[in-house]
Amino acid sequence: MPPETGRTDRTGVVLAGGHSTRFGDQDKAVADLAGTPMIRRVVDRLAPIVDELVINCRDEQVSAIDTALEGGPDVTFAVDPVPDRGPMAGIMTGLRAATGEYAAVVACDMPFVDPDLISHLFDRAADHDAAVPRLDDQWFQTTQAVYRAAPMAAACERALERDERKIIEPLFDLEYVVVDEAEIHDQAPLSTFENVNTREEFEAATRRLED
Ligand SMILES: Nc1nc2c(ncn2[C@@H]2O[C@H](COP(=O)(O)OP(=O)(O)OP(=O)(O)O)[C@@H](O)[C@H]2O)c(=O)[nH]1
Ligand SMILES: [Mg+2]
């Protein structure tokens with residue numbers, strides 16, 4: 001890496017191991033959002049700013065996601081050894097597969113994720129264990145954050161051992177930086193955090209992309 005930037009290797013981890021129950025029968029990760037599978041939009045936005053990409057999902061999703069990403073950037077799959085343990089277990093699996101010291105974790109249902117914000121989070125996380133955005137009066141955006149891979153994976157494991165599934169729990173074990181709304185505003189529109197759960201939200205996102 002160029003010494004002038006002080007940059008270490010950066011990984012992008014895309015979380016896709018959920019069941020999309022609010023979405024319906026289809027896996028929202030591979031749903032065609034205005035001509036492009038939703039997960040492909042996330043991968044394409046992260047690819048220019050990371051050195052490697054890891055997709056976390058369940059075993060049976062690999063084939064469809066691989067097809068959705070065909071012709072795009074190279075990715076590695078990190079399959080949950082035990083499925084359905086929640087997003088935090090997915091973060092742990094994804095981070096364990098990361099070779100970069102730091103990893104941006106982004107949910108597959110955030111098609112408007114802003115690469116400038118993610119780059120900024122990498123910069124802010126330097127010499128800390130994490131950089132996590134937080135909007136005024138809202139909770140931490142733990143599924144669009146940068147973590148130092150090894151300590152976060154270990155903290156996730158400890159939280160799971162305590163039967164604690166909230167993603168915020170491992171964070172409290174770490175030395176983290178909060179990136180507040182004013183700072184986020186300087187980097188990206190707040191649509192970066194929009195996440196698509198229902199068909200209605202999916203249609204709304206489609207309209208925005210087609211405008
Ligand atoms: N590995 C893994 N990832 C998960 C799990 N549950 C959710 N996720 C991922 O975490 C992110 C946010 O989760 P949700 O928005 O709740 O997505 P979801 O669980 O697929 O959808 P719902 O069933 O409607 O809650 C998405 O990227 C999901 O793919 C899980 O049990 N394991
Ligand atoms: Mg869910």
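Visitor: Which residues of H3 meet H5?
Guide: This is a predicted model: local features need pLDDT of at least 70, side-chain atom pairs count only at pLDDT 80 or more, and totals for chains, interfaces and linings use all residues. Residues are numbered from 1 along each chain as its sequence is written; chains are lettered from A and ligands numbered from 1, in the order in which they are written. On the H5 side stand Ala 149, Met 152, Ala 153, Cys 156, Glu 157, Ala 159 and Leu 160. Their contacts (C-beta atoms, placed from the backbone, within 7 Å) in H3 are Met 88, Ala 89, Ile 91, Met 92, Leu 95 and Arg 96.

Visitor: How many nonpolar residues are in the contact of H3 with H5?
Guide: Ala, Val, Leu, Ile, Met, Phe, Trp, Tyr, Cys and Pro count as nonpolar, Asp, Glu, Lys and Arg as charged, and the others, Gly among them, as polar. The contact has 2 charged residues and no polar ones. The nonpolar count is 11.

Visitor: At what angle do the axes of H3 and H5 cross?
Guide: Axes are lines fitted to C-alpha atoms, for helices over the stretch in contact, and angles run from 0 to 180 degrees between N-to-C directions. The axes of H3 and H5 come within 9 Å. They cross at roughly 145 degrees.

Visitor: Which residue stands opposite Val 105 in S8?
Guide: Strands S6 (residues 102-107) and S8 (residues 144-148) pair in the antiparallel sense over 5 bridges. Opposite Val 105 stands Ala 145.

Visitor: Which helix gives the most to the shell around ligand 1?
Guide: There are 23 residues around ligand 1 (C-beta atom, placed from the backbone, within 6 Å), and Gly 17, Gly 18, Thr 21, Arg 22 and Gly 90 come nearest. The helix giving the most, with 3 residues, is H3 (87-97).

Visitor: In which loop is the place of Gly 17?
Guide: A UniProt annotation from an unreviewed entry, "binding site", covers Leu 15, Ala 16, Gly 17, Lys 28, Asn 56 and Asp 109. They span 95 residues in sequence, yet no two of their C-alpha atoms are more than 14.2 Å apart, so they gather at one spot. UniProt positions follow the numbering used here, feature names are shortened, and annotations may be inferred rather than shown by experiment. Gly 17 is in the loop between S1 and strand S2 (32-33).

Key. Helix = DSSP H or I, 4+ residues; strand = E, 2+ residues; numbered from the N terminus. Pairing = 2+ DSSP bridges. Contact = placed C-beta atoms within 7 Å.
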